[in-house]
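Please keep the sequence and the structure open while reading.

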Amino acid sequence: MDLAGTTERAAVGQTEPLRRHRGGRPMGGRRRAGFVFSLPVILLVAGLLVLPIGQTFYYSLTSWDGITSTWVGLDNYRQLFSDSTFWQVLANNGILLASIPLAILIPLLVAFLLNERVLGWRFFRSVYFLPTAISWVVIGMVAIRFFASEGILNNVLRTIGLGSVHTDLLSGEFSAMIAVIITFIWSVFGTNTIIFITGMATLDREVYEAARVDGAGAWSIFFFVTIPMLMRFIQFAFILTLITAFTALFSLIFIMTQGGPGFATTTLEFFVFEKAFNNGVFGLAAAIGVVLFAIVFAIWIVQFRILRSRTD
Amino acid sequence: MNRTRRRLSRMAMFVVLCLVVVVMLFPFYFMTLTSFRSYDQYLAGSGFSLDSWAVLFDTIPVLRELFNSTVVTVGAVLIILAVSTTGGFAFAKLGYPGSAVIFLLLLAGMMVPVQSIIIPEYVNVSGFGLINQFQGAILVYAALGAPFATYLMTTYYRGISNELIEASLMDGASYLQIFMKVMLPLSVPAIVTVAVLQFIQIWDDLLIGLLFLQTPEVRTITVGLATLQSSRMVNIPALMAGSLVSALPAIIVYLVFQRHLVRGLTMGMGK
């Protein structure tokens, strides 16, 4: 799980140094201990995260088959940006982005209801959060059967008398993306609901009461009281969902659609895998990896900016 | 009048929330029901049979793959706990010149998408001959989980009072002793949270397993399941049985440690 909202707080939050005691050890001992204690995590992350991201940048400037690489400068990027498939893939990421408001709004509404503490709300809460424990592979497996031509969705439609509306979402280009998005929204529903319930628990109930006394209905309370007061949590959920959509859907796509039909459900992260491990063009794949990294990095920076402007 | 309306609206809320439960639980119902039908019974839409479970165990080495998943997941979680508790202690309490910058860089590690590093990672690990070895996958998982875990531990340790440590120092305890006897026992809740979060994430992962553990002997259950699916296996009940088996350990961990997961999320928000 990634965190989004408040790394900044941790980053700027000062570590209060231990005071040096009379008769205590000299500062040097503490510093040395600090260095030694932090060494394992530094080595691990430097060797297996920092080094490879550097290599990705380097190899994106080479023609590379995994063994030998030759310097080609910006050729990979030129090739990438003139490839219409790349733009289609980027557009797919755009469609994912466009679906995120729904992945926020539905949990927000449900959290609003849960917050009324109706009978059994604790039970509801833990059922909603359950999909966080399930792998994308398993989710994808069921999703295929759900959307299949002879699948659950069509059975349900038939049962409620809508048999004429026969769907086959996974075989159409745009509809396959819709199927992936529906599955995605289902999967992140629990996490976002929990975030919003946590947020609502921090709100002052008196504000609600005051609004109610003033004659505000449930809808206006939701839109004019709850949403504005939850902005920090909504923003956190938005970033978390966006990062998930861009960097965690590989397995789901791998299982549900293999990126198809055509490239209809290939997103950037799937494109990296496709180019590297199916087409063997590692240099080009590295360039796509750099583009993905740049996009994710930009999202985080924007997020920090917004946070800072709000706390100032 | 007003009271009846109030009661009606609460009833309506309850009904809506129940409908959401149906939507969220349906996949589990479908998996369970389908797995207990033979292929023919599945097509016919009724019946009960253990056939599909037999098919599943005949097709893939389920127990072997569960064992592999356990080795990889537990191994990686242990490394993550080791480096994140020591690192968290250092960054929270034992600052040294440059430690703040290093901590920031570590946080930046959380922003690196797996796909952006996966190719060189694969080449490096295979250079050490660790493809299809548990150690390779374990190290990669550990590195991917370490930044977030260290962040959570650091946040937690910052909340522990300095006086405790200073008092122990006065008593002549070494930093190692303070870590083992003061910090670790105090941070058990945070340790559990980190362990549960990472366990579920690693158990459920496909990509790293797919690339770093390719041979049947070392395959994890999640990868085994994905291989079944992509081999165009048509026996849907057997696939559902496989899904259920692979999901069960993580579901049990979830049910037992639910509270800790929620706390992980809120700790991530910096609360």
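## Domains of chain A

In this predicted model, the C-alpha centres of domain 1 and domain 2 of chain A lie 34 Å apart. Domain 1 of chain A covers 24-59 and domain 2 covers 75-311. Four residues from domain 1 of chain A and six residues from domain 2 of chain A make up the contact between them. On the side of domain 1 of chain A, three of these residues are nonpolar, one is polar and none is charged.

## Domains of chain B

Chain B is also assigned two domains: domain 1 (1-29) and domain 2 (60-268). Their centres, taken over C-alpha atoms, are separated by 37 Å.

## The contact between the chains

Chain B puts 89 residues into its contact with chain A, and chain A puts in 85 residues. Which helix gives the most to the side of chain B that touches chain A? That is helix H13 of chain B (residues 236-268), with 15 residues. By class, the chain B side has 60 nonpolar, 23 polar and six charged residues.

## Helix H4 of chain A

H4(A) spans residues 84-114. It has 31 residues. From first C-alpha to last it reaches 46 Å, close to the 45 Å expected at 1.5 Å a residue. Where does H4(A) kink? The kink lies at Ser99(A), shortly before the proline Pro101(A), and is about 30°.

## H4 against H11 in chain A

H4(A) pairs with H11(A), which runs over residues 231-247. The two axes come within 10 Å and cross at roughly 145°. The crossing is right-handed.

H4(A) contributes Asn93(A), Leu96(A), Leu97(A), Ile100(A), Ala103(A) and Ile104(A) to this contact. H11(A) meets them with Ile234(A), Ala237(A), Phe238(A), Thr241(A), Leu242(A), Ala245(A) and Phe246(A). The contact residues divide into 11 nonpolar, two polar and no charged.

Definitions and conventions:
Residues numbered from 1 in each chain as written. Chains lettered and ligands numbered in written order. Predicted model: local features only at pLDDT ≥ 70, side-chain atom pairs only at ≥ 80, totals over all residues. Axes fitted to C-alpha atoms, helices over the stretch in contact; angles between N-to-C directions. Helix = DSSP H or I, 4+ residues; strand = E, 2+ residues; numbered from the N terminus. Left-handed = near helix turned anticlockwise from the far one by under 90°. Contact = placed C-beta atoms within 7 Å. Nonpolar A, V, L, I, M, F, W, Y, C, P; charged D, E, K, R; others polar. Expected span 1.5 Å × (residues − 1). Bend = angle between axes of the 7 residues up to and from the residue. Domains from an automatic or database assignment.
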